[in-house]
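I am opening a notebook page on this structure. The entries below follow the order in which I looked things up.

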Amino acid sequence: MTPQRTTEPELLPALPFDSWKDTLATLHMWTQVVGKVRLKLCPLVNHWWNVPFYMTARGMTTSAMPFQNTTIEVCFDFIDHHLALETNDGRHVAIALKAQSVADFYNAFMNALTELGVDAKIWTKPCEVPDPIPFEKDRLHTAYDPDAAHKFWRILVWVDQVFKEFRAEFIGKVSPVHFFWGSFDLAVTRFSGRRAPERPGADPITREAYSHEVSSAGLWPGGGDIKGPAFYSYAAPELDGFASQPVRPAAAFYHPQMKEFLLMYDDVRTAADPKAALMEFLQSTYDAAADSGKWDRKALER
């Protein structure tokens with residue numbers, strides 16, 4: 001059967017949360033299945049940088065992962081809508097991305113790994129979601145709208161390019177632009193170079209993620225009272241004065257419960273110059289974090 005292709009002429013298509021929330025929930029779980037294998041196979045890198053995915057010209061990838069004497073890469077293809085598993089000796093397996101339960105996807109993926117000689121036992125309980133259902137038991141999430149998945153990926157590809165340009169202006173420690181499958185967001189993080197205060201009662205994941213002072217920005221598909229994709233920016237730790245700093249563009253706002261500045265994706269995509277609007281948000285919110293935190297900006301910026 002010929003894979004279903006999707007087309008969308010707009011550079012930045014509309015993607016209201018309610019229009020694809022069921023597909024989003026399913027795809028989130030599928031990425032967690034694959035992501036937990038990446039977590040299992042790859043050595044720990046500071047701030048969990050060993051777990052995210054990266055954008056490609058067709059979807060997103062785990063990048064090359066080691067297993068014994070083999071290297072394996074897993075890629076989501078959001079053009080032809082399949083999951084591709086490839087090893088460095090030329091073997092490959094493809095799994096169709098279609099309406100199916102998380103349990104069926106999990107079984108197909110683990111069987112494909114076995115077929116390629118990769119043994120990766122993972123903890124099957126999802127992370128960072130309410131009421132998690134173990135992958136092998138999840139027959140609740142079954143939706144997959146290929147057009148919506150394609151739109152979301154195209155948005156991510158554009159944002160990835162802008163984030164990389166923003167990242168390039170910082171000469172201090174800065175993360176790659178990467179996609180975290182736990183929180184389901186594309187992010188880039190700048191570091192002041194100083195250790196952060198210990199967080200009382202923090203779990204090991206949070207402790208590792210926020211061991212140093214950061215200014216982090218990203219794109220998240222939305223949820224709760226945020227009814228669509230939104231750009232976010234936060235400082236950790238958040239110091240006095242951060243929330244009251246002036247940020248741009250005018251549509252940006254501080255969300256007191258999330259403790260983040262937000263800029264709705266729709267306000268960017270409909271702007272006269274979307275890239276300039278996003279760059280304004282990234283720069284002004286970083287300014288807010290760096291100035292309130294008294295970062296050594298001369299040493300950290302070009």
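The model I am looking at is predicted.

**Entry 1: cavities**

I asked how many cavities of 30 Å³ or more there are. The count came to 2.

I took the largest cavity to begin with, and its volume is about 60 Å³. Its lining consists of Glu213, Val214, Ala235, Ala236, Pro237, Leu239, Ala289, Ser292, Gly293 and Trp295. Sorted by class, the lining has 7 nonpolar, 2 polar and 1 charged residues.

The second largest cavity holds about 40 Å³ of space. I listed its lining as Phe166, Arg190, Ser215, Ser216, Ala217, Ser233, Leu282, Thr285 and Tyr286. Here strand 9 and helix 6 are the elements that give two or more residues. The classes come to 4 nonpolar, 4 polar and 1 charged.

**Entry 2: peptide bonds and one phi angle**

Ala236 and Pro237 are joined by a cis peptide bond, with omega about 0 degrees. I placed Pro237 in the loop between strand 10 and strand 11, the latter covering 253–255.

I found another cis bond from Arg248 to Pro249, where omega is near -5 degrees. Pro249 also sits in the loop between strand 10 and strand 11.

I then noted Trp48, a residue other than glycine with a positive phi, near 65 degrees. Its place is the loop between helix 1 and strand 1 (54–55).

**Entry 3: helix 3 against helix 6**

The axis of helix 3 (residues 146–167) and that of helix 6 (residues 274–292) come within 11 Å and cross at roughly 45 degrees. Helix 3 is therefore oblique to helix 6. The crossing is right-handed.

From helix 3, the residues in contact are Trp158, Val162, Phe163, Glu165 and Phe166. From helix 6, they are Pro274, Lys275, Leu278, Met279, Leu282, Gln283 and Tyr286. By class I have 9 nonpolar, 1 polar and 2 charged residues in this contact. Phe166, Leu282 and Tyr286, named in this contact, are also among the residues that line the second largest cavity.

**Entry 4: helix 1 against helix 2**

Which way does helix 1 lie relative to helix 2, roughly parallel or roughly antiparallel? I found that their axes are 10 Å apart and that the two pack at an angle of about 25 degrees, helix 2 being residues 102–115. That makes helix 1 roughly parallel to helix 2, because angles under 35 degrees count as roughly parallel. The crossing of this pair is right-handed.

Helix 1 makes the contact through Thr26, Met29, Trp30, Val33, Val34 and Val37. Helix 2 answers with Val102, Phe105, Tyr106, Phe109 and Leu113. The contact has 10 nonpolar residues, 1 polar residue and no charged ones.

I turned last to the open spaces. The largest pocket has a volume of about 1,200 Å³. It is lined by 37 residues, and the closest to its centre are Glu128, Phe180, Ser183, Ala209 and Tyr210. The elements giving two or more residues to this lining are helix 1 (17–41), strand 7 (178–180), strand 8 (185–195), helix 4 (204–209), strand 9 (212–220) and strand 10 (230–236). I sorted the lining into 21 nonpolar, 7 polar and 9 charged residues.

The second largest pocket has a volume of about 470 Å³. Of its 23 lining residues, Ala25, His28, Val129, Pro130 and His141 lie nearest the centre. Helix 1 gives the largest share of this lining, 6 residues. The classes here are 13 nonpolar, 6 polar and 4 charged.

Notes
Residues are numbered from 1 along each chain as its sequence is written. This is a predicted model: local features need pLDDT of at least 70, side-chain atom pairs count only at pLDDT 80 or more; totals for chains, interfaces and linings use all residues. Side-chain values use heavy atoms; hydrogens and water are left out. On a 1 Å grid over the protein atoms alone, a cavity is a set of points where a 1.4 Å probe fits but cannot get out, and a pocket is an open set with protein on both sides within 12 Å along at least five of seven lines; lining residues have an atom within 4 Å of a point. Grid points are joined across faces, edges and corners, and a volume is the space filled by probe spheres set on the points. Helices (H or I, at least four residues) and strands (E, at least two) are DSSP runs, numbered from the N terminus. Ala, Val, Leu, Ile, Met, Phe, Trp, Tyr, Cys and Pro count as nonpolar, Asp, Glu, Lys and Arg as charged, and the others, Gly among them, as polar. Axes are lines fitted to C-alpha atoms, for helices over the stretch in contact, and angles run from 0 to 180 degrees between N-to-C directions. Angles under 35 degrees count as roughly parallel, over 145 as roughly antiparallel, 65 to 115 as roughly perpendicular and the rest as oblique. A crossing is left-handed if the near helix is turned anticlockwise from the far one by less than a right angle, and right-handed if clockwise. Contact means heavy atoms within 4.5 Å.
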